[in-house]
Structures are given as C-alpha cells and as structure tokens.
Amino acid sequence: MRTNGTKLEGVELRRIEMPLVFPFRTSFGTQTTKSALLLRVVTSEGEGWGECVSSAHPLYSSEYVDASADVLRRFFVPALAAGGDVRASAVATTLAPFHGHRMAKAALEMGVLDAELHARGVSLGDELGAVRERVACGVSVGIMDSIDVLIDQVEQYVAQGYVRIKLKIEPGWDVAPVRAVRERFGDDLLLQVDANAAYTLADARLLARLDDFDLLLLEQPLPEDDVLGHADLAKLVRTPICLDESIVSARAAADAIRLGACRIVNIKAGRVGGYLEARRIHDVCAAHGVPVWCGGMIETGLGRAANVALAGLPGFSLPGDTSGSDRFFATDITEPFVLDDGHLPVPTGPGLGVTPIADRLAEVTASTEWLAA
Ligand SMILES: [Mg+2]
C-alpha cells in the first residue's frame, strides 16, 4: 500500500533501431527501420516500461524521436520529479503546461502506469476496462510498386488470418488498387483505406469513386487541421469518414463528431497523449454511438501489448491495426504477439503483461541515457 506517496527515482531513455521485414510506404514516406525511444521508469514502487511512438522524421506528425528525447530530458522528467507523489492519473495534469509533444507525454504516462499496475498486480486491460479476452486484428498494407505485388501481399495477409485489410492510398494509388483488391478477394473481405492526409477537398469527386467498393471507411483523407473540410467531404462521399491525425484529444473527438467530420475514429494513445486520454476518447465516441478502432504506429511488443489491452474496450467494435509482431519485425523485443485465428490475446499479467527480453533489447539498442529524478 502507498503511504508516503510514490517517488520518481529516474527514467532511462533507450534509443532502439529495429529493421522492418520490408519497407512500409505511406503517402508521407517510406520506412525501412523502426527508430523508437523506450522509457524505463523507475519509482520507489518498482519499474515500468513506456514506448514513445514518434518516428525518426516528423512526417506523420510534428513529433520525432530526437525531439521527444529532448523534451523528456529537459522538461517532462524534471516536472514529474518535482511534482512529488507520482501517479499515472496525474501525469497528464503535471505535464499540461507544456504544449504538444503528446507522444512523449504518452510514453512517460505509460511507464508510470506500468510501474503502478505492477505494484498493484493489475493488468492494463483490467485497469482500462477491457471486456474482451482477445481482439480481432486487421493489417495495414503499404503502397506497393505495382498492383501485382499488392495482390500478392494481401493474399499472404488473408492467408495468415487477418480479418480486415487496410490499404494505404495516395493520389495516383487509390481507385485502381482498391478495385483490384476488391475484385480479387470478393465482397466479403473487410476493406478500408488510409490516405494520411494526402488529398484536398478538390479531390472529392475522385474520392467518391471509392464508394463503389463498399469500404468500411475512408481514413484521414484531408490535412490534420482541416476538420471542417472533412465535414464538407462527408456530404460528398458515401463511404464513412474516419479521422486519425485530426483527433489529438477527447475534445477534438467531440468537436469532430459534432461537426459531422467523422463517423468513425481511429484511436492511437501516442497521438492523444496517453492511454488514459485514449480511454476518454473511447468514452466520448461511445456516448455518441461512434465506433472506434485501435490504430498502430509500428510498435514493439511493449506498445503492442498496450494497444491490444486498449482494443479490448467495448467501443472498439472494428478490427484494429493490432497486427502480429511478424507483420513488422523478424524478432520482437518481447515474446512475440502471434495471430491466432485472426485475433491476439489481451495480456493478463500485471501492467503491460510483457517485458523486454534482455538479450534482444541489447541487440537493438543504439544508446541509453539515465535521467535521475
Ligand atoms: Mg492512419
């Protein structure tokens, strides 16, 4: 039991580099290596792991790994240390004076939460309110060099049991690949697309051509700050619009829903400042009858474990990008998540329910840094 409060002793920042099994191309760039920042948060109660989902380059959002490390080192860890009793539920409030850097905030909160839940013997799924023992998994398929290569790739994922396919699209790679996949795999395949903000409202007529293919959703067609544009586009296309990049908080989700900018929301804890805010977005969406699903940021087994726990909440009624470890990595840093009949089990152990394998972690570590509180 906590009597005198929990003290932050320090945070180890660990930069890792993990090769991807093959390049992942989206409308904003091609990634061949996963660069990430892992946090080992040490408190007087024990330790926990956080994973920062910012990438090496600020292309998905303004955040990137070096900036995340800097803001953690310079501002976030000192603020948390100065705040006294360290509780996961108070991390966001302590860091609120600092603008932005939600991925770095999320990573720090995740580490504190993991440590706290270990001390209490509670799993993250139970803490967040997960109601499922396993979650249905989809897979995100990058932009390919040709439609033949795309069909081969989708074929492999379908054979592996993925219950939903998401195609990354961009201008010049949209209607034709979607048509090809729909024709090859039939009407029963759950299919959706993600533009990562690559279009403008002037493309509405083109995007409406996707209506013919019975897609589950059209994800983030327009820029992050063009919420009203999405509301206008929603009147011009039949496919439900889903927002990802635009939804940076529960407030943003409530605004987007009220404006009619989306009928579905992709929830990523890193994008919104943490798993606790992610749960609030889930709650806001549930209150409005808006289905949600769990996005992915090429997480290692640590972030993957947390995402699967989040996806166990009742409002996550669509399959997430919670793919198996082998979707991205030949070897994960934790015990791998292996797809079973298109599903992954929600971890049941305390905290994240997984920890890094020391040898494997050492192999992918580029540098470490200890930030004493
Ligand atoms: Mg997306």
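Colleague: Is Glu219 buried or exposed, and what is its relative accessible area?

Modeller: This is a predicted model, and every value here is computed from it. Buried means under 20% relative accessible area. Glu219 has a relative accessible area of 0%, so this residue is buried. Asp244 likewise counts as buried, at 0% relative accessibility.

Colleague: Which residues coordinate the magnesium ion?

Modeller: One reads a metal site by listing the donor atoms and then placing their residues in the chain. The magnesium ion is coordinated by Asp194 through OD, Glu219 through OE and Asp244 through OD, at 2.1 to 2.4 Å. Along the sequence these donor residues follow the spacing D-x24-E-x24-D. Glu219 and Asp244 link distant parts of the chain, being 25 residues apart. Glu219 belongs to strand 8 (residues 218-219), whereas Asp244 sits in the loop between strand 9 (241-243) and helix 9 (250-259).

Colleague: How should I read the overall fold, and what radius of gyration does the protein have?

Modeller: The radius of gyration is compared with the value for a compact globule. For 373 residues that value would be near 21 Å, and the protein has 20 Å, which agrees. Along the principal axes, the C-alpha atoms fill a box of roughly 60 × 40 × 35 Å. The secondary structure comprises 13 helices and 13 strands, and 57% of the 373 residues count as buried. Of the contacts between residues at least 6 apart in sequence, 73% join residues at least 24 apart.

Colleague: What does the surface consist of, and how many charged side chains are there, positive and negative?

Modeller: The protein exposes about 15,000 Å², and carbon and sulfur atoms supply 50% of that area. There are 35 positive and 50 negative side chains, with the centres of the two sets 4 Å apart.

Colleague: How many residues of helix 12 are buried?

Modeller: Residues three or four places apart in an α-helix point the same way, because there are 3.6 residues a turn. In helix 12 (residues 301-310), 10 of the 10 residues are buried, so this helix is largely enclosed by the rest of the structure. Among them are Gly301, Arg304, Asn307 and Leu310.

Colleague: Which residues of helix 6 are buried, and what covers them?

Modeller: The buried residues of helix 6 (residues 175-185) include Val175, Val178, Val181 and Phe185. Their cover includes helix 5, strand 6 (164-168), strand 7 (190-194) and helix 7 (204-208). Gly186 follows helix 6 and has a positive phi, near 85°.

Colleague: Which residues other than glycine have a positive phi?

Modeller: Most residues other than glycine have a negative phi. His101 lies in the loop between helix 2 (88-95) and helix 3 (102-120) and is partly exposed, with a relative accessible area of 30%. Asp214 also has a positive phi, near 50°. Asp214 is found in the loop between helix 7 and strand 8, and is exposed at 56% relative accessible area.

Colleague: Where is Ile143, and what is it in contact with?

Modeller: A loop residue is read by its accessibility together with its contacts. Ile143 occupies the loop between strand 5 (138-141) and helix 5 (147-160). With a relative accessible area of 6%, Ile143 is buried. Leaving aside neighbours within four places in sequence, Ile143 is in contact with residues including Arg25, Thr26, Ser27, Lys168 and Trp173.

Methods. Residues are numbered from 1 along each chain as its sequence is written. This is a predicted model: local features need pLDDT of at least 70, side-chain atom pairs count only at pLDDT 80 or more; totals for chains, interfaces and linings use all residues. Side-chain values use heavy atoms; hydrogens and water are left out. Donors are N, O and S atoms within 2.8 Å of the metal (3.2 Å for Na, K and Ca); water is not among the atoms, so sites may look incomplete. Helices (H or I, at least four residues) and strands (E, at least two) are DSSP runs, numbered from the N terminus. Buried means under 20% relative accessible area, exposed over 50%, partly exposed in between (1.4 Å probe, protein chains only). The radius of gyration is taken over C-alpha atoms; the globule rule is 2.2 Å times the number of residues to the power 0.38. Contact means heavy atoms within 4.5 Å. Accessible areas come from the Shrake-Rupley method with a 1.4 Å probe; for residues, only the protein chains shown count as cover. Lys and Arg count as positive and Asp and Glu as negative; His and the chain ends are not counted. The place of a charge is taken as NZ of Lys, CZ of Arg, CG of Asp or CD of Glu.
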